[in-house]
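Please open the structure in a viewer and keep the selection tool at hand.

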Amino acid sequence: MAVVRVEDLHKRYQADGPEAVAGIDFEVREGEIFGLLGPNGAGKTTTIGTITTRVRPTSGRVLVDGVDVGEDPVSAKLRIASVPQLSNLDRALTALENLTFHASYFGAPRRERRERARELLGRFGLGGRENDHVNNYSGGMAQRLMIARALMHQPRLLILDEPTTGLDPQSRLFLWDTMVDLRERGTTLILTTHDMIEADRLCDRIAIIDGGKIIALDTPTRLRRLLPAEHGVEVTVAANADPSPAFTAVSGTERTEARPAGDGRWRVRLYGEDDGRNSGLPEQALSAAQSGGLELIELKRLEGSLEDVFVHLTGRELRGADGARVSGRWS
Amino acid sequence: MSAVGATGSPRVAQATRNIQIRAFAALCGRDLWVTVRHELGSFLAQALLQPIFLLFVFGRVLPEIGAARPGYGTQLLPGVMALTLVLTALQNTALPLVIEFSFTKEIEDRLLAPLPVAAVALQKILIAALRGVLAGLLILPLAALILPGGIHIHGPDWAVLIPIFFFGSLAAGAMGLVLGTAVPPNRISVAFAVVLTPLIFTGCTFYPWISLHQLRWFQVFTLINPLTYVSEGLRAALTNLPHLAGGWIALGLTVALVVFGTLGTRLFIRRAVD
C-alpha cells in the first residue's frame with residue numbers, strides 16, 4: 001500500500017517565475033526508504049514541502065495515507081513527521097522538554113510522553129543530557145534530538161531533508177544505522193539527499209530529480225543498469241613504468257587503460273564482461289600481476305555508481321550542478 | 001444522534017476538533033511553562049523596567065523638583081498601565097515571530113502540530129495578550145511603591161477595566177502579529193523604532209485626550225493610535241478625569257482588533273505556507 005502518493009505535482013513560487021516542480025508523480029510504499037536525489041534547486045525540498053503541508057502546490061495533489069494534504073492538512077499532520085536540514089529545536093526548552101511538549105501537541109498523555117521521551121533519548125545516545133538546554137547541543141546531537149522528537153508522536157511517515165549534510169562521519173554513520181533501524185520497526189521514510197553514497201546505501205528506491213522533474217525512479221541496482229556496460233576490474237600496482245603489457249594475457253577484456261596514480265603506483269582498468277565462468281577477471285588480473293612481478297596494492301571491481309547514473313542521465317556532474325550551469329539553464 | 005451513528009462523519013469531525021483544541025491548549029501550555037520556568041526574570045525585566053522608570057521620573061522626580069504638578073503621577077498611572085499592556089503584548093508577539101520565522105525556525109514544530117495554521121497565529125496573540133495583562137496588572141503594586149503617597153484611584157470600575165484589558169491586549173497582540181510577519185528580519189530594529197516611538201508618544205499615555213482640545217490636529221491624529229483607546233479606557237476605569245466617550249473607545253478597539261487581527265493572520269499564513 002502507498003503511504004504517499006504524489007500526483008502530477010506542479011509548483012511555481014511566483015506567477016511569472018520558473019516552475020520549481022514541473023510535474024512530479026511517485027508513490028512511496030509502506031515500510032520503504034524512499035530517496036529523492038538531485039542537485040540543489042532540483043525541486044526536492046519543494047516536493048517534500050508539499051507533503052508536510054508547508055508548500056501549497058500550484059496544481060496536482062498529495063495523498064498521505066489516503067488523506068489529501070491540501071484538503072485536510074490537520075489529519076495529514078497527524079501522520080507525518082519532518083526533520084529539517086537545519087535545527088529548529090525549541091531553544092527555550094531542555095532536550096527532554098523538546099520531546100515531551102512536542103508529544104503534548106499531539107495529545108499524548110503526560111506519563112506516556114515522559115516515558116517515551118526517556119526511551120528515545122536513550123536510544124539516540126542522549127541519555128544523561130536530557131536536562132541540557134538544546135543550545136548546548138552539537139550539530140550531531142541536535143540532529144538526533146530532532147529525529148527523536150519526530151518519533152514522539154509515532155508518525156507513519158518520517159521525512160528527512162538532507163539529514164547528514166554537515167555532520168561528522170561518526171554522526172553520519174549513526175544516522176544511517178538509525179534510518180535502517182526505523183525501517184525495520186515499520187516506519188516509512190523519505191529522505192532527500194545529494195549524496196550518492198547515502199542514497200545508494202540506504203534507499204530501497206530512488207527518484208532522481210533534476211529541473212523539477214523525475215528523470216529516473218527505481219532501485220539503486222536497477223538505476224545502475226541504466227549505465228552502458230562499463231564493467232571490469234581496477235588493479236593498482238607498484239610500478240615505475242606503464243605495467244599494462246603484463247595484463248595483455250587476460251582473456252575477455254575489451255579495453256585496457258593504465259594511468260599513473262602517483263607515489264610509484266599505476267592504476268590499470270581492465271574493461272570487460274565478467275560472466276563468472278572459467279577464471280573470472282579478478283582472478284586473472286591477480287595472477288597476471290603476480291606473474292609480471294608487480295606488487296599488488298588494490299584490486300576492485302568496477303561498478304557504476306549512482307553518480308555515474310546522474311551524469312549519464314543529465315550530462316552534468318551532481319555536485320557541480322548546483323552552480324552557474326543549472327541556474328543558467330533555468331533562467 | 002441517529003445521524004451520527006449512520007454516517008459517523010460528525011463523530012470524526014468532533015474527534016478532529018478535539019485534537020485541534022488539545023493541540024491549541026498544549027501550545028499554550030508550552031508558552032506558559034516557558035514564561036514561568038525559563039523566562040520569568042527576562043519577561044519581567046522587559047515588561048516592567050520601562051514603566052518603573054516612567055513612574056519614577058514623571059510621577060516622583062518631576063513633581064518633587066517642581067517641574068510637574070503634584071498629583072501628576074495619579075494622572076499618569078492609567079497611561080503607564082496602558083502603555084505597558086500594549087507594548088508587552090505587541091512585543092511578545094512580534095519579536096518571537098521574527099526570530100522563530102527567520103533564525104531559529106522554532107515555529108516549524110508548531111506549524112506541523114495538528115491544528116490549522118491560523119490557530120497557531122491566534123495562539124501567539126493569546127499568550128502575548130496574557131503576558132500584557134499580567135504586566136499591566138503589576139503596574140498597580142509598583143505604582144503604590146513608587147508614587148509619592150501611593151496610588152489614588154477612583155473605582156476601579158471593573159465593568160470597564162476588564163474589557164479594556166481583554167480587548168486592548170488582544171488588539172496589541174494582533175498589531176504585533178502584523179509587525180512580526182510583515183517586516184523582514186534585517187529591518188526589524190528599524191521597524192521597531194519607527195513604529196514604537198510614535199506609538200508611545202501619540203497614545204494619550206502622558207496626557208488625557210480631552211486636554212488636547214487646544215491642539216485639535218494632534219487630538220484627531222491620536223485617534224489613529226490604538227493605544228489611545230486603551231489609555232482612555234483605563235482613565236475611565238481608574239480615575240474621575242474626563243475621558244474619551246465609552247462608545248468611541250469600544251469602536252476604536254474593535255476596529256484595531258478586526259483590522260490587525262485579519263491582516264496579521266493573513267500575513268502569518270503567507271509566511272507559514274509557501
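How many residues of chain B are in contact with chain A? Select both chains of this predicted model and inspect the place where they meet: 25 residues of chain B are in contact with 24 residues of chain A. On the side of chain B that touches chain A, helix H2 (9–38) and helix H5 (107–111) each supply at least two residues. H2(B) gives the most, with 11 residues. Sorted by class, this side of chain B has 12 nonpolar, five polar and eight charged residues. The model as a whole scores ipTM 0.86 and pTM 0.83.

Next, colour chain B by pLDDT. The average for chain B is 89, and 97% of its residues score at least 70. Select residues 1–7 of chain B, where the pLDDT is below 50. Beyond near neighbours in sequence, that stretch has three contacts in the model. Where pLDDT is low, the predicted coordinates should not be read in detail.

The largest nonpolar core has 141 residues, and Ile190(A), Val86(B) and Ala171(B) touch the most other members. Helix H4 (residues 72–102) of chain B contributes the largest share of this core, 14 residues. Centre the view on Val86(B): leaving aside residues up to four places away in sequence, Val86(B) touches Gly132(B), Gly168(B), Ala172(B), Leu227(B) and Val230(B). A second, separate core of 15 residues can then be located by selecting Val235(A), Val250(A), Leu270(A) and Leu281(A), which are among its members.

Select helix H3 (residues 40–64) and helix H6 (residues 117–146) of chain B together. Their axes come within 10 Å and cross at roughly 35°, and the crossing is right-handed. Show the side chains at the contact: from H3(B) these include Phe43(B), Leu48(B), Phe56(B) and Arg60(B), and from H6(B) they include Arg131(B), Leu138(B) and Ile146(B). By class, the contact has 13 nonpolar, one polar and two charged residues.

For the last stop, select Ala245(B), in the loop between helix H10 (226–238) and helix H11 (246–272) of chain B. Is Ala245(B) buried or exposed? Ala245(B) has 10 other C-beta atoms within 10 Å; a residue with 12 or fewer counts as exposed, so Ala245(B) is exposed. Finally, draw a distance from the C-alpha atom of Ala245(B) to that of Tyr229(B), 16 residues apart along the chain: the separation is 9.8 Å.

Definitions and conventions:
Residues numbered from 1 in each chain as written. Chains lettered and ligands numbered in written order. Predicted model: local features only at pLDDT ≥ 70, side-chain atom pairs only at ≥ 80, totals over all residues. pLDDT = per-residue confidence, 0-100. Contact = placed C-beta atoms within 7 Å. Core = buried A, V, L, I, M, F, W, Y, C linked by C-beta atoms within 7 Å. Buried ≥ 20, exposed ≤ 12 C-beta atoms within 10 Å, placed from the backbone. Helix = DSSP H or I, 4+ residues; strand = E, 2+ residues; numbered from the N terminus. Axes fitted to C-alpha atoms, helices over the stretch in contact; angles between N-to-C directions. Left-handed = near helix turned anticlockwise from the far one by under 90°. Nonpolar A, V, L, I, M, F, W, Y, C, P; charged D, E, K, R; others polar.
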